[in-house]
Amino acid sequence: MSVNLRISNVSKVFEKNIALNNVSLDIQAGEFVCLLGPSGCGKSTLLRLIAGLDKPNEGSIYINDRNVTNLPPARRNFGIMFQSYALFPNLTAYENVAYGLRNKKMRNQDIEARVDRLFHMIKLDSAKKRLPSQLSGGEQQRVALARALATEPDFLLLDEPLSALDAKVRISLRKEICRIQKELGLTTIMVTHDQDEALTMADRIIVMNKSVVMQEGTPEEIYEHPENPFVADFIGSINFIDKEKCKLYGLCEQERAAIRPEKIELSRTEKEASLRAQIKEIEFRGFYDRITVCVSHGVQGDMILLVDVPFRMVKTMQFRIGEVVYVNLPREELLGFKTA
Amino acid sequence: MEKLKQKIMRCTKEDIVRAIAIYAVVAFLLVFLVCPLCTLFVKAFQNKDGAFVGFAQFIKYFQSKSLIQSISHTFFVAIMSTIISVTLAFFFSYALSRKNVPCKGFFQYIGMIPIFAPTMLLGIALIYLFGNKGIFTALGLKVALYGKVGIIIAESIYCFPVATTILMVAFSAADNRLYEAADTMGTSTLRKMLTITIPNVKYGLISALFVAFTYSFTDFGAPSVVGGNYNVLATDVYKQVVGQQNFNMGAVVGIILLFPAVLSFVVDRITNQKQSAAINSKSVPYQIKPDKKSDALATAFCICITLVMVIFFAVALFASLIKLWPYNLTFTISNYDLTKIASGSGFTAFKNSILISLITAVLGTIVTFVGAYMIEKNQKFKTSRRIAYFLSITPLAIPGTVIGLSFIMFFNASQFNIPFMDGYALQNPFHGMYGTIWILILANMIHFYSVPFSTATTSLKRLDKEFETVSESLAVPFYRTLGKVTLPLCLPAICEMWVYFFVNSLVTVSAVVFLASPTAPIASVIIVSMEGAGQTAPAVAMCMLLLFINLFVRLVYEAIRGRSNKKK
Ligand SMILES: Nc1ncnc2c1ncn2[C@@H]1O[C@H](COP(=O)(O)OP(=O)(O)OP(=O)(O)O)[C@@H](O)[C@H]1O
Ligand SMILES: [Mg+2]
């Protein structure tokens with residue numbers, strides 16, 4: 001069974017140090033939500049409050065519209081996973097997964113059946129009898145996932161589950177987690193500070209900074225329409241253009257504008273509204289090149305822009321450092337912010 | 001009121017178990033640590049009849065010439081033995097951790113032996129070596145042993161192992177990258193020593209100095225054997241309390257004994273924090289480079305130290321196995337006949353000692369572990385946990401002599417007068433323990449509480465702190481996780497705690513010398529009285545027995561540890 005979660009005006013203070021400031025969230029049943037934000041912004045704290053491991057100073061938490069603010073963790077029925085795996089090192093993988101079941105007065109063969117099914121699901125049937133120290137990081141994390149799912153939780157909490165793993169394993173586990181989550185239709189909240197992880201996995205992303213929620217929305221919304229400079233900067237790369245330059249180049253009227261490097265067009269021929277610029281730096285990035293250009297306009301100063309040029313185009317155009325080129329900032333891709 | 005009711009309603013069964021455990025530990029420490037100390041403080045400001053006299057006792061004390069003298073004696077002896085033992089320990093641990101010395105384990109173990117024997121043994125061995133009829137005296141080497149010389153030698157050996165242990169830890173925390181950086185800049189060996197090594201072990205060195213000072217400042221065993229007429233504070237207290245039954249003056253001396261110990265405790269706390277902050281996970285362990293000349297020198301030094309230790313204990317062993325030193329050197333084991341020595345109470349004393357050590361080790365390990373667990377792995381009961389932590393590390397600052405004194409005052413009183421309420425008095429529920437082995441067990445548990453507590457805390461800290469979180473999410477009660485995961489993982493630490501309690505309880509004398517009674521005699525105290533009565537050979541035999549038992553326990557522990565390490 002899947003549940004919806006509601007966090008309403010929650011605040012948490014640690015010895016005068018505010019970790020969460022009046023945070024409200026609504027999470028639908030079966031939704032995969034990512035909490036994304038820089039270190040120390042309060043993501044883990046929010047997760048611990050939802051788990052009931054800490055009590056909020058203010059506000060309430062609802063599971064399926066029932067107020068659970070004062071319910072102990074054991075009665076909230078959730079599964080949890082950590083960056084450190086937290087597998088019990090003296091128990092085998094099998095016993096780790098069965099750990100929560102042993103306590104539930106289940107018959108041994110029922111336990112066995114369920115654990116077997118879980119190992120099948122995480123594709124680790126052969127590793128049951130091994131100790132955690134005999135498993136790789138990725139395998140350990142999969143066992144931790146199976147353990148979290150063993151008690152058939154209503155929702156799943158993941159605190160940076162993939163940060164300790166290397167890039168390859170991380171990507172395959174991303175898929176694994178998403179697949180299992182969709183299969184079980186489990187409401188899931190994952191904390192991460194890796195934007196790629198959030199963009200690829202989440203149904204909805206909640207961007208946090210300095211103990212408040214900055215923006216929430218689908219990955220596309222967050223990427224294409226950031227509501228404030230923080231979100232724009234935190235997710236992906238972006239060029240900020242301040243008010244003076246906006247005016248100078250006739251770009252927009254707002255306090256601050258921004259444009260993503262891959263949205264800028266670079267060419268050797270001058271078009272209407274394109275700006276003359278000089279190439280300062282070319283950085284090879286694999287499937288694209290990041291080119292730094294400097295747009296100059298007399299005395300008022302230069303404007304440095306980052307431009308991402310796809311690999312195909314790099315091949316045909318053969319840009320050189322020092323070369324004069326023309327940049328085009330499509331008006332419809334320009335983001336405007338009311339605050340600086 | 002309504003809130004309180006709600007709070008109680010919300011308590012789960014687990015919360016209740018937790019609450020009982022933590023409050024039990026706090027209550028234990030309050031009753032058997034804080035209350036006796038309070039009694040001691042009160043007594044210091046009273047006269048014999050129990051009337052409040054303010055600082056009169058202190059003034060009387062500082063006017064007495066002989067007592068003032070014993071303060072300066074104690075300082076002199078303590079400073080000298082601190083300098084000697086820490087200097088030797090510094091080079092010893094430097095040689096073992098930074099030089100290519102063969103058989104490091106062997107040297108290290110031999111260096112640790114004094115921990116396993118009562119300090120009286122060191123004194124007695126000294127008498128056999130340098131006393132009036134000693135071996136070296138007979139060879140023409142005359143030393144004025146009785147008095148400061150004897151005490152300083154004995155205390156230096158006594159403090160050597162603990163200083164070595166602290167310094168070994170300090171030396172092990174080196175960052176090889178610093179040395180490599182220095183080497184690339186062509187730094188001389190001396191400069192490396194002065195700019196890298198010494199600053200690196202600075203805090204360990206300070207800590208070793210203070211701990212060694214406290215040990216020798218408060219030791220009772222060695223001065224009671226080789227002190228002669230050279231009076232020091234620890235023996236003073238004994239004379240005041242046991243000899244003259246002057247409890248109030250004893251309390252005054254006890255408080256004076258507390259000062260350096262508390263100071264050393266504070267310094268130790270501060271340096272501990274600094275030391276742990278200095279090392280990080282990125283440090284690279286020190287790589288020992290071969291250097292023939294200095295390696296040979298280091299090995300020679302280690303051999304010298306070991307030789308001294310071996311001579312001490314060999315002489316003691318030899319003396320325990322002959323009829324009458326130095327007149328009749330025929331071999332005998334009659335000194336080990338426990339039924340004959342100390343007018344027949346030898347066997348009871350020996351049995352009591354073992355029993356006390358066993359019970360102390362079991363109960364002490366349980367209490368300290370439960371205490372450490374509740375403090376470390378618990379979110380609730382903030383205030384109680386803070387109090388419990390503070391009380392748990394306090395015994396480190398209380399010399400054994402003071403614990404013994406405060407216990408005798410606390411348990412001896414049949415009732416406590418409540419201040420400002422004349423005519424009312426509280427029956428002392430613990431009076432019945434006086435004269436039984438239980439008072440000795442409690443004294444040992446309190447006396448040696450802090451080190452095992454720290455061992456438990458460290459090993460608990462090393463576990464992933466999310467184990468408890470995961471268990472809670474799986475709705476598994478904490479005591480199940482404690483039993484199935486935490487305890488098995490902490491087993492090595494638990495064994496170590498047990499051994500620490502056992503070894504120390506078996507040989508300690510400073511606290512128990514006040515508490516052992518004819519109805520419950522114990523070995524270490526019998527040794528003191530036999531030695532005082534001139535029965536040196538049986539006394540030394542008894543010392544050797546205790547040493548053997550401790551070494552045996554330690555070896556069994558090492559064997560178990562070695563096996564479990566191999567399994568991993
Ligand atoms: N138990 C605690 N006591 C005191 N302060 C705390 C405690 N837990 C968290 N904080 C503080 O609350 C703030 C938010 O912490 P939190 O762990 O939620 O950050 P985070 O977003 O998870 O960061 P990271 O990405 O580094 O894990 C931090 O400033 C932290 O120092
Ligand atoms: Mg975190």
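User: How many aromatic pairs does a search of the whole structure find?

Analyst: Over all chains, the search finds 37 aromatic pairs in this predicted model. One of them joins Phe287(A) and Tyr288(A), whose planes stand at 70° with the ring centres 5.2 Å apart, so this pair is edge-to-face.

User: And are those two residues buried or exposed?

Analyst: Phe287(A) counts as exposed because its relative accessibility is 66%, and the cut-off for exposed is over 50%. Tyr288(A) has 17% relative accessibility and therefore counts as buried, a class that takes in values under 20%.

User: What kind of pair do Tyr61(B) and Phe62(B) form?

Analyst: Tyr61(B) and Phe62(B) are also an edge-to-face pair, with 5.3 Å from centre to centre and 85° between the planes. Tyr61(B) is buried, at 0% relative accessibility, while Phe62(B), at 43%, counts as partly exposed.

User: Which residues do ring pairs link into a cluster?

Analyst: In chain B, ring pairs link Phe28(B), Phe32(B), Phe407(B), Phe410(B), Phe411(B) and Phe430(B) into a cluster.

User: What about charges, then: which residue lies over the face of Tyr94(A)?

Analyst: That residue is Lys129(A), which lies at 4.9 Å from the centre of the Tyr94(A) ring. Chain A also has Arg256(A) over the face of Phe240(A), at 4.1 Å from the ring centre.

User: Changing topic, how many residues does the contact take from each chain?

Analyst: Chain A gives 24 residues to the contact and chain B gives 21 residues. The area buried between the two chains is about 2200 Å², and carbon and sulfur atoms give 62% of that area.

User: Which three residues supply more than any other three of the area that chain B buries?

Analyst: Those are Val470(B), Ser473(B) and Leu474(B), which together supply 25% of the area that chain B buries against chain A.

User: How many salt bridges and polar contacts are there across the interface?

Analyst: The rule finds 0 salt bridges between chain B and chain A, whereas the count of residue pairs in polar contact, with both residues at pLDDT 80 or more, is 4.

User: Which elements of chain B give two or more residues to the side that touches chain A?

Analyst: They are α20 (466-473) and α21 (478-507) of chain B. The largest share of that side comes from α20(B), with 7 residues.

Notes:
Residues numbered from 1 in each chain as written. Chains lettered and ligands numbered in written order. Predicted model: local features only at pLDDT ≥ 70, side-chain atom pairs only at ≥ 80, totals over all residues. Heavy atoms only, no water. Phe/Tyr/Trp six-rings, centres within 6.5 Å; stacked < 30°, edge-to-face > 60°. Buried < 20%, exposed > 50% of the residue type's maximum accessible area, 1.4 Å probe, protein only. Lys NZ or Arg CZ within 6 Å of the ring centre and 35° of its normal. Contact = heavy atoms within 4.5 Å. Buried area = accessible area lost by both parts, 1.4 Å probe. Salt bridge = Lys/Arg side-chain N within 4 Å of Asp/Glu carboxyl O. Polar contact = N/O pair within 3.5 Å; in protein donor to acceptor, adjacent residues only side chain to side chain. Helix = DSSP H or I, 4+ residues; strand = E, 2+ residues; numbered from the N terminus.
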